[in-house]
Amino acid sequence: MSAVIQAPVKENEIVSYNPATNEEVGRVKNFSAEEVRQAVENSRKAFQVWRKTPFAERRRIVMRAREVILAQMDEIAKLISDEMGKPLAEAMSAEIAPVLDLMQFFAKNTEKMLRPEKRNIGLLGLMGRSSKIIYKPLGVVGIISPWNFPLSIPLGEVVMALMAGNTVVLKPSELTPVIGEKIAEILEVARLPKNVLQVVSGDGKTGSALVDANVDKIMFTGSVATGKKVAERAAKTLTPVVLELGGKDPMIVFADSNLDKASSAAVWGAFTNSGQACSSVERLYVQEKIAEKFTRLIVEKTEELQQGPGSDEDVEIGSMSSETQIKIVEDHVEEFRKSGADILTGGKRNESFKGVFFSPTVIKGANNEMRPMREETFGPTLPIATFKTEDEAIDLANDTDFGLTASVWTGDLTRGKRVAEKILAGTVMVNEVLYTHGIGQTPWGGFKDSGYGRTHGKEGLMELVAPQHIHINRFLLTPDVWWFGYSKNAVETFKQMSKTFSSGSVFRTLGFMPQMWKRIKELTKKKGE
Ligand code: NDP
């Protein structure tokens, strides 16, 4: 047996391990607060040039970066799987494929989406005025990202920020820093100019230093607890923040659903990425009359899943990301047990492997009073509760502090849409589950404790620009009636203005004209006196 000799860890170094095998994946530098400040300063200088780079050139760079990813697809998928634990199949389907689509979409459409926009200003338009909105890049955008989708979350945000004309400083999770560096390498090979994107790897302190560094926006994705700390700290420098936080996403299954399809969706929605997706199904509500049959289908399908190191192409459930994460899952499963729920399958670590593996777990008899139905688990557990009526299902789904996504299953699309609109979540899917973060064209973000602001879609792009209003008055000679020179006549003018002009009606405003002229004459006479 040959012993693996590891180089000693240096003080400013982070070692990244494969959570499925405990083997080292790589080492990166742990950036200090001073180095983060320096990176932000470099970014500010680079911004002065990048902001003027034409859209066509930004587009060429992003499209080249896609080619780099396509050329290294197998290697990148393996790195994601090794560093984070997910199956190779999911590294391709849930990270590489969606981010490539997002890249081409924003490369081709950002210019159009940020085109100056003329605004209808109503009757003021008839008075020689016009308004247009132009969209300016913000400056330096700080992106702080989690480990669960270590390529697609940060790279998608980086590309959107760059296309909008910003420069970026990215702090990836300390559990997946090598992928963070890979993102920098991809864009470097695509010939992105120096310092337009910088990756500052490190731990929570590095993230915190980035929040303090007076960047122009923080795009944060992570837990509610850290999100609150980030918002509090950012408030000190009035740095605007987008917070993409956790979820406790419900799936509602009505009796008229296609049970075979809905049960497969539930199993995938709860267990893909080992349940470590912010939009994982964490609460399943099934209509009472089909609960037994539906639960049986779920257990059968769960027991067929292949678990193992993600680098094996047939593996469906990889390892979890860390000992910290698996302990939360153990605590929640134990709490379900103690509260009287039944563990139908799984319920414990899978000790057949070296790393942190938890067997996919189906739990029956859950209810909203149980603690793990209220806190984010972020692991491979599927707790099932029942409901009788549509109203009850909606109430149960909304009975949570979170509101990221939700899923409604029914053969009756009218009911599906009706229920969807009553659920408080950033995305509600009818007969679909979990995958909409992969649609770069649509807004992503949550209600309630799931955060605020949006990434992706036009709404996400708008988070990365400052709208500027340019207002022009083409009447060069006449004064505005509301200017100084107040008098009885002025007050009468404003009264009539409130009743006519402010109605938005051209017809009523015609009646205001004589009084308006009287006021203009008063003002011009006063000026001439
Ligand atoms: P964390 O909140 O622990 O960390 C997120 C990022 O913040 C990491 O890069 C982390 O660094 C960094 N960080 C830690 N402390 C600070 C600090 N004080 N100031 C600034 N940055 C800090 O989340 P996880 O990485 O554990 O990710 C899992 C969470 O992310 C889950 O709650 C999940 O629901 C949520 N999530 C939300 C998504 C959404 O779109 N809504 C998508 C994906 C995940 P380090 O890793 O070094 O600690």
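A search of the whole structure, which is a predicted model, finds 28 salt bridges, a salt bridge being a side-chain nitrogen of Lys or Arg within 4 Å of a carboxyl oxygen of Asp or Glu. The protein has 17 helices and 18 strands, where helices (H or I, at least four residues) and strands (E, at least two) are DSSP runs numbered from the N terminus. Of its 529 residues, 55% count as buried; buried stands for under 20% relative accessible area, exposed for over 50%, and partly exposed for what lies in between (1.4 Å probe, protein chains only). Because the model is predicted, local features need pLDDT of at least 70 and side-chain atom pairs count only at pLDDT 80 or more, whereas totals for chains, interfaces and linings use all residues. Residues are numbered from 1 along each chain as its sequence is written, and side-chain values use heavy atoms, with hydrogens and water left out.

**Overall build**

- The C-alpha trace spans about 100 × 60 × 40 Å along its principal axes.
- Among contacts (heavy atoms within 4.5 Å) between residues at least 6 apart in sequence, 71% join residues at least 24 apart.
- The protein exposes about 24200 Å², of which carbon and sulfur atoms supply 54%; accessible areas come from the Shrake-Rupley method with a 1.4 Å probe, and for residues only the protein chains shown count as cover.
- There are 68 positive and 67 negative side chains, and the centres of the two sets lie 13 Å apart; Lys and Arg count as positive and Asp and Glu as negative, while His and the chain ends are not counted, and the place of a charge is taken as NZ of Lys, CZ of Arg, CG of Asp or CD of Glu.

**Salt bridges**

- The side chains of R129 and D480 form a salt bridge with an N to O distance of 2.8 Å. R129 lies in strand β4 (residues 129–137) and D480 in the loop between β18 (465–473) and α15, so this pair ties together parts that are 351 residues apart in sequence, and both residues are buried.
- R44 and D216 form another salt bridge, in which the closest N and O atoms are 3.0 Å apart. This pair links distant parts of the chain, 172 residues apart, with R44 in helix α1 (residues 33–50) and D216 in the loop between α7 (204–212) and β8 (217–221). R44 counts as partly exposed at 31% relative accessibility, and D216 is partly exposed at 23%.
- E35 and K29 meet through their side chains at 2.7 Å, N to O, in a salt bridge; E35 is partly exposed at 28% relative accessibility, and K29 is partly exposed at 33%.

**Surface patches**

- Patches are made of residues with over 30% relative accessible area and no salt bridge, like charges being joined within 9 Å and nonpolar side chains (Val, Leu, Ile, Met, Phe, Trp, Tyr) within 5 Å.
- D74, E300, E303, E304, D312, E313, D314 and E316 form a negative patch. E304 is placed in the loop between α10 and α11 and counts as exposed at 60% relative accessibility.
- K488, K495, K499 and K518 form a positive patch, to which helix α15 (residues 488–499) gives the largest share, three residues, while K518 is found in helix α17 (residues 513–528).
- L126, V506, F507 and L510 make a nonpolar patch of about 480 Å²; L510 is found in helix α16 (residues 506–510) and is exposed, with a relative accessible area of 54%.

**Buried positions**

- S319, in the loop between α10 (291–303) and α11 (323–338), counts as buried at 1% relative accessibility. Leaving aside neighbours within four places in sequence, S319 is in contact with residues including P19, G85, S274 and F357.
- V362, in strand β13 (residues 361–364), counts as buried at 0% relative accessibility.

**Backbone with positive phi**

- R191, although not a glycine, has a positive phi of about 70°; R191 is placed in the loop between α6 (177–189) and β7 (197–199) and is exposed at a relative accessible area of 56%.
- L238, a residue other than glycine, has a positive phi near 55°; L238 lies in the loop between α8 (224–236) and β9 (241–244) and counts as exposed at 74% relative accessibility.
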